[in-house]
Amino acid sequence: MKKAKGLSLALTLLLLNPTNPVYAAPNDEDELPLYEVFEIYYLLQENHLSKPSEKQLVQGALTGVSAKVKEVKNVTLEVPETDDTLEELSNRLTEWKEAQKLDYKKMGTWAVDGMVKTLNDPFTDYYDNRDIKQFQNAIDDEYVGFGIRFRLYDGNIMVKEIVDKSPASRADIKPGDYLMNADGESMMGKTLEEAYEYLAGTIGTSSTLTMYRPSTKQIKKLTMTRMPLEVREATGARFVGSNIGYIKLDTFGDDAGQQFMEEMNKLEQSKQPIKGLVVDLRDNGGGYLHAAYDIASLFMEDGLLMYTTDRNKVEVETWIHNGRPVNYPVRILVNEGTASASELLSGALLDNGIAKLVGSHTYGKGIAQVTIPAGSGGLKITVNQYFTPKHIVVQKVGLEPEIKAADDVAQVIRALSSLGTKQYTISQAVIDEVTINGVKFPLIEPLFKSDAKGIYIRTATLATLSGKSDEKLTGYTLLTKTNTPANVTVTKVKNTYTLTYKQQ
Amino acid sequence: MQNKNKWLGLLLTGSLLLPSAAMAAEKEETKEELPFTDIKNHWAKDAIIKAYEDGLLSGSGKEGSMKFNPDKTMSRAEFFVLFDRLVSYEAHEIRNFAASPGYFEEDYTERFDEPYLPYTDVDRLTWMYEPILDTHVLFERLYGPGALQQVFPGKIMKPNEPITREEVAGLLQAFAVTRGQKSAWDISQNWKWFGGEPKAKLKRAEIAVILERIQNFLEDRPMFTLFDFEGYDFPVTPFVDDSKVTFGDYEKPTEKEQEYLDLIKRIQDEGDDYDYYEAYDELQKVGPTLPNQAGVHYFMSWYDEISYAEALEHSSLALRKYTESGRDKTDEITILINGYYQNAVYAQDVIPDSIKQAHYEISEFAQKFAADSEQRKALDYYIACLKAEMGQTDEAIKLFSSMQDNDEALTNATYYLIQKGNIDGAKKLVEGAKESTMTKLLANELAVMEEQKALAEEVDKAWENLKKESYIMDNNQNTNDVMIKVRYEVDPKNQVSHANGIVQRPSSLVLDKFEVYRDDKTDTRFSSYATMDHVWHKEKQDSKTVTAVADWAMKKTTKERQELLKSYLVKQSFGKYDIITEVIPAENLSKASEDLTLEGGKISSIDPIINKYYIDRESGKLIRDVWLVNEYYKELDSSDDEELYYYSSYAPSYSAFGSSDYSGFGKVPALSIPESVTKEAVEAE
């Protein structure tokens, strides 16, 4: 696949034919937004994966404007079926502008939104008036921000973790809270990637977030200022007593490959080199393709990373060369929040026989976007579909792990178990964190609870410990002599719960 | 201060960022402030300091207490880092010679498939990867497939092993384009870079000394000592250092004298751009009131905000004022006359008599000195140069030939003898001179001159051998930022070829797919593109308009190009390949373009075209060729050449680079264009 990153604005503008009066760059400032509509029209028409037709985009643009005019002015503007060329679009917009005393700037935004809507693709988006740099670095910009990591939970954006010493750590936000709204933009039904993009911004800027806490049924508005954060994209650890390493990757940003390698080196070059590795890609919504490439190259000397195709049905193989092989088994933890670059990496390591997937079915985002400067902002546009090395379709399908577990604690146990771990010590000292064989994991819901009757454990986790499937199990189970497996003991000392489990 | 040799200029710009050797020397004089704590009494101290100042080698530890570890070995990977720097800082020329697109390389990849290393123990995310990969790519370009593996055989490089003399020689051979088949080891001995036991490990101090020798060697223009790329490389003049000159003796300067000294110091330092121009502003204002008018006019003549005519006037005045001052120091005279000469050359397009004027005034000045005086020798050099510029070649040759132990004079004399077709005279001259690196370089190149015809025939023969049977051509190219990767099946008997490929246009975010049939009998092309719904289009080659000068030139045989365009060929042998590099001089391409109807209009400037042919020695077959082309056009409505020069990056241009690999000899079945294609095809516009 060709890097499209280098495309400059000047090159993009080459799409416009300067001899045709309709497309010529306007002298009149006022007409600039209209010019931007044409530019984005061309970018979509010539590049979008779905090959949108001229008519589709023209009708979409007019419908977009018409709907907004209806909303704002309560005037109905008919969109004639016969308008299907760019010239007709231009004429119609001019006509409406004159008749309704509208301004091109607003009309331009509405028209672009209308065009984008016809694509039926949540990942193609135009960002108006945003700093293009900030926009392009949306994935990296976690370095500046509020310090919240999210996960997708039942289709909603939920707080997964709070970064230490971040603005969020000083505000009243906890794991398990939902993000409902950001600066007036509803976050319901948004993807993780989109949510992060909305929350991105430069140092010193503020946003107002509306959060919902299910435990208290409280809705809160919080205004926070973005600060520089010290966030690592990859963090590593080692499971106590088993020589199994653990690397969690939160995003595929610019430093992901380098950091992942550093963590791997620490685990491999220690006195006791690891004999197995658990890679945690749960709730990792993706990022840059080159980061996925870099990380995959830490697992194989040579190998196929993926196939991509574009609208012209050009299939390109992306090969990894000069990587380095691993000599131990690998498990990748995945869940419904594992998307895009995470699925790409999972699929590549799976199909190359390097790793097995553990967890629940992945998100299913098998399309790739490029971002380019366009108009007065930037356009993120879907241009490729990708397939795993065994030609497996990811888009709208997702990957089904071979070792299944829905519960987040059970996922770790299953992964370790498949690497030969027999003994487990699982402890919970605070309600939002659990330690499994020495490695800490954030908790959305506590693993243990207790009341006068005794200690409760998640029903799903208990099923796993009993050697059963945890599928579709929710809620908590009071631990009794009869339902506690013989090889499991649970104690509570002060506020700390400790479970030991010895697998047969 | 300035140099009219563009290729050399390129080299100098590369090293501008780095402190000069003079600066290092200055430091030593004032205080023994060494960059490393462990080299004070080391035998290679000077070379180590130079390598450090040039940014080639560094030490370990904190600043202030850095250690160089002169007697430790260097790993292979570390040497690759050093080699990569050496190529970038000191020998960008070899990238040109390798027909590599150079500066563009980082932004635009010529291949859809990124290059990678044949070694399994060099990993892509490590610090050593890029320099080793760069070198691999360069070696593939210089010497053909698998070149680096001739130096480091097999699939294991062992990058952390100490590097040996033999391996260093293997890499450094890239700097010596020498005739005939010589081993890397012989090359390093021949140029006296180093000798010793091939398998011995080199110490860091020894490497610093080798570096200095390589740098000195590169200063002699080893690639093409006699070859004039741009058409104005000759006569060559030595680099003249004016960073210390004051044109006076100032032990106890007066206030005004001090003002003069301070101002010229700021100009000589050339450090901070702002201060440099500020100093010039002041010099322009107070110049007339200062003592030492010779110096004032000399420095004013280098001010880049004045016209050529003004600069020439300042040069002339500087000489007059210097004569009046009665001084006669040879180094000062050299600096003054070099300045006058350079300015006269710059001005000659604007002021037709500039050379004549300079020649007259300098010859007049020369009369003051005895024929065998030092001053006269220095002046005669520039007088010879001016004569050469005026077309008085015989007199120039005579003067240059009479100068003993002068590399530049010898080079110039040899060059002009060859221009006159007197190769025997040139050979005699070189043989008669005292042996030096330069005489060896010249002898090598004279030998190359003599085999030009044979080399052109060899290339044409390789094409013929290729076309004896069917073959596959894998082509990767970038033409005006349009990137194409295509595989052709070629049936030379039926003169039909069939291709499938992909193309990336700069205006597009997605790839396009295409299929082509070509009938060379009728010069017809049938093509179908995904973006045009795979409809077959028929195109007949138009013989009148030419896409680019390069396009026109490349349709000719190597021999024809040699006759028409005076292209220059040089052959190297490496492993199982003979590599012939063809350089077509810019000047001749420019001249030839005047008779062509080009799509882009008239040529404003053009770079030399570089082609490389890789020939399998055993079969005599061409197995690969690469090319590098850059043409710049005049804007159709612009007549202002000067403006175009400044804004040449915006002017329309044609740039192309790429490579073709030939394989599968005799394995392609007979081809014909399917009727479905010829019938369906619509005429292309």
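**Ground rules.** I number residues from 1 along each chain as its sequence is written, and chains are lettered from A and ligands numbered from 1 in the order in which they are written. In this predicted model, local features need pLDDT of at least 70 and side-chain atom pairs count only at pLDDT 80 or more, while totals for chains, interfaces and linings use all residues.

**Confidence.** I looked up the scores of the model and found ipTM 0.82 and pTM 0.84. I noted two stretches of chain B where pLDDT stays under 50. Over residues 1–30 of chain B, the model has 42 contacts beyond four places in sequence; a contact needs C-beta atoms, placed from the backbone, within 7 Å. Over residues 641–649 of chain B, there are seven such contacts.

**Domains of chain B.** An automatic or database domain assignment sets the bounds. I read domain 1 as 6–219, domain 2 as 292–450 and domain 3 as 458–676. The centres of domain 2 and domain 3 of chain B, taken over C-alpha atoms, are 41 Å apart.

**Where the chains touch.** I found 22 residues from chain B and 28 residues from chain A in the contact. On the side of chain B, strand S3 (496–504) and strand S4 (512–519) each give two or more residues. Helices (H or I, at least four residues) and strands (E, at least two) are DSSP runs, numbered from the N terminus.

**A sheet in chain A.** I traced an open sheet of six strands in the order S10-S11-S12-S15-S16-S19, with mixed pairing; two strands pair if DSSP finds at least two bridges between them. Its edge strands are S10 (234–239) and S19 (403–404) of chain A, each pairing on one side only. Strands S12 (276–280) and S15 (330–334) of chain A pair in the parallel sense over four bridges. In S15(A), I found Arg331(A) as the bridge partner of Val278(A).

**A covered helix in chain B.** I checked helix H8 (165–172) of chain B and found seven of its eight residues buried. Buried means 20 or more other C-beta atoms within 10 Å of the residue's own, with C-beta atoms placed from the backbone. Among the buried residues are Arg165(B), Glu167(B) and Leu171(B). The buried residues of H8(B) pack against helices H4 (76–90), H7 (148–151), H9 (184–190) and H10 (204–219) of chain B.

Notes:
pLDDT = per-residue confidence, 0-100. Buried ≥ 20, exposed ≤ 12 C-beta atoms within 10 Å, placed from the backbone.
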